[in-house]
Amino acid sequence: MSVCLWCAVLLFVAWLGSGWWFISWIGASGWSAGIGRGGFGFGRVVVPREFAVSPGWVVGPDYPPARSGYAPIWEWTVHWASPHPPNFYTSTPLWIPFVTAAMLAAFLYRRHRREHRRTEAGLCPTCGYDRRGLASPAAPCPECGSPSK
Ligand SMILES: [Zn+2]
């Protein structure tokens, strides 16, 4: 399997899994990054002390109580609360990198299949030139110059 396909599979699993589980890293100064509710989130949110979550890794079903009530993430969002000190949160839905990786994997697979088909039929895998009449099977393609495979 290609790297793109593995990426797509991993992203799909993360996307589905984040509907039930979250994983988040929370820093001491309010910086945090995590995956949950179908998205990847990153930002710095300073919350009142009573809502603060202790720093470190947080893993569990759904979100910690301080963030409950968030809808699943479908759109790219950036929340700017204040520029000084930086107080913002961005969330990227995981379906965006998943669809990108899946499309790339499909594109590479189709190209691979086409090259394979052409080679099997005695054609140049790059441009489709009929190589069957060539004197040497090892000669580069006279049409596009690509080396024989
Ligand atoms: Zn060629």
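**Figure 1. Strand β5, out in the open.** Of the 6 residues of β5, the number buried is 0, so this strand lies largely in the open. Keep in mind as you look around that this is a predicted model. On its paired side, β5 joins β6 in the antiparallel sense over 5 bridges. You can pick out one of these pairings by finding His 79, whose bridge partner in β6 is Tyr 89. β5 (77–82) is an edge strand, pairing on one side only.

**Figure 2. The whole protein, element by element.** The protein contains 2 helices and 6 strands. How much of the protein is buried? Of its 149 residues, 14% count as buried. Now consider contacts between residues at least 6 apart in sequence: 46% of them join residues at least 24 apart.

**Figure 3. The six-stranded sheet.** In which order do the strands of the open sheet stand? The order is β4-β1-β2-β3-β6-β5, and the pairing is antiparallel. The strands at the edges are β4 (56–61) and β5 (77–82), each of which pairs on one side only. On average, neighbouring strands of this sheet are turned by 10° against each other, direction ignored.

**Figure 4. The β1–β4 pairing and Pro 61.** Here strand β1 (residues 21–26) runs antiparallel to β4, and 6 bridges join the two. Find Pro 61, which has its place in strand β4. Is Pro 61 buried or exposed? Pro 61 counts as exposed because it has 8 C-beta neighbours inside 10 Å, and a residue is called exposed when that number is 12 or fewer. The bridge partner of Trp 21 in β4 is Pro 61. These two residues are 40 residues apart in sequence, yet their C-alpha atoms are 4.3 Å apart in space. Leaving out residues up to four places away in sequence, Pro 61 touches Trp 20 and Trp 21.

**Figure 5. The β2–β3 hairpin and its turn.** Strand β2 (residues 31–36) pairs with strand β3 (residues 39–44) in the antiparallel sense over 6 bridges. Together they make a hairpin, with 2 residues between the strands. Look for Ser 32, which stands opposite Gly 43 in β3. Then move to the loop between β2 and β3, where Arg 37 is found. Most residues other than glycine have a negative phi. Arg 37, however, has a positive phi, near 50°. Why does Arg 37 count as buried? Arg 37 has 22 C-beta neighbours inside 10 Å, so it counts as buried; the cut-off is 20 or more.

**Figure 6. From β3 across to β6.** β3 also pairs with strand β6 (residues 87–93): the two run antiparallel and are joined by 6 bridges. Gly 43 stands opposite Tyr 89 in β6, and Gly 43 in β3 also stands opposite Ser 32. Tyr 89 is likewise the bridge partner of His 79. Tracing from Ser 32 to Gly 43, on to Tyr 89 and then to His 79 is a handy way to walk across this part of the sheet.

**Figure 7. Two helices crossing.** The axes of α1 and α2 come within 8 Å and cross at roughly 150°. That angle makes α1 roughly antiparallel to α2, and α1 passes α2 in a left-handed crossing. Which residues of the two helices meet? On the α1 side they include Cys 4, Cys 7 and Phe 12, and on the α2 side they include Trp 95, Ala 102 and Leu 108.

**Figure 8. The largest nonpolar core.** This core has 7 residues: Ala 8, Leu 11, Trp 15, Phe 40, Leu 94, Phe 98 and Ala 101. The elements giving two or more residues to this core are α1 (3–17) and α2 (95–120). The largest share, 3 residues, comes from α1.

Definitions and conventions
Residues numbered from 1 in each chain as written. Predicted model: local features only at pLDDT ≥ 70, side-chain atom pairs only at ≥ 80, totals over all residues. Core = buried A, V, L, I, M, F, W, Y, C linked by C-beta atoms within 7 Å. Helix = DSSP H or I, 4+ residues; strand = E, 2+ residues; numbered from the N terminus. Pairing = 2+ DSSP bridges. Axes fitted to C-alpha atoms, helices over the stretch in contact; angles between N-to-C directions. Parallel < 35°, antiparallel > 145°, perpendicular 65-115°, else oblique. Left-handed = near helix turned anticlockwise from the far one by under 90°. Contact = placed C-beta atoms within 7 Å.
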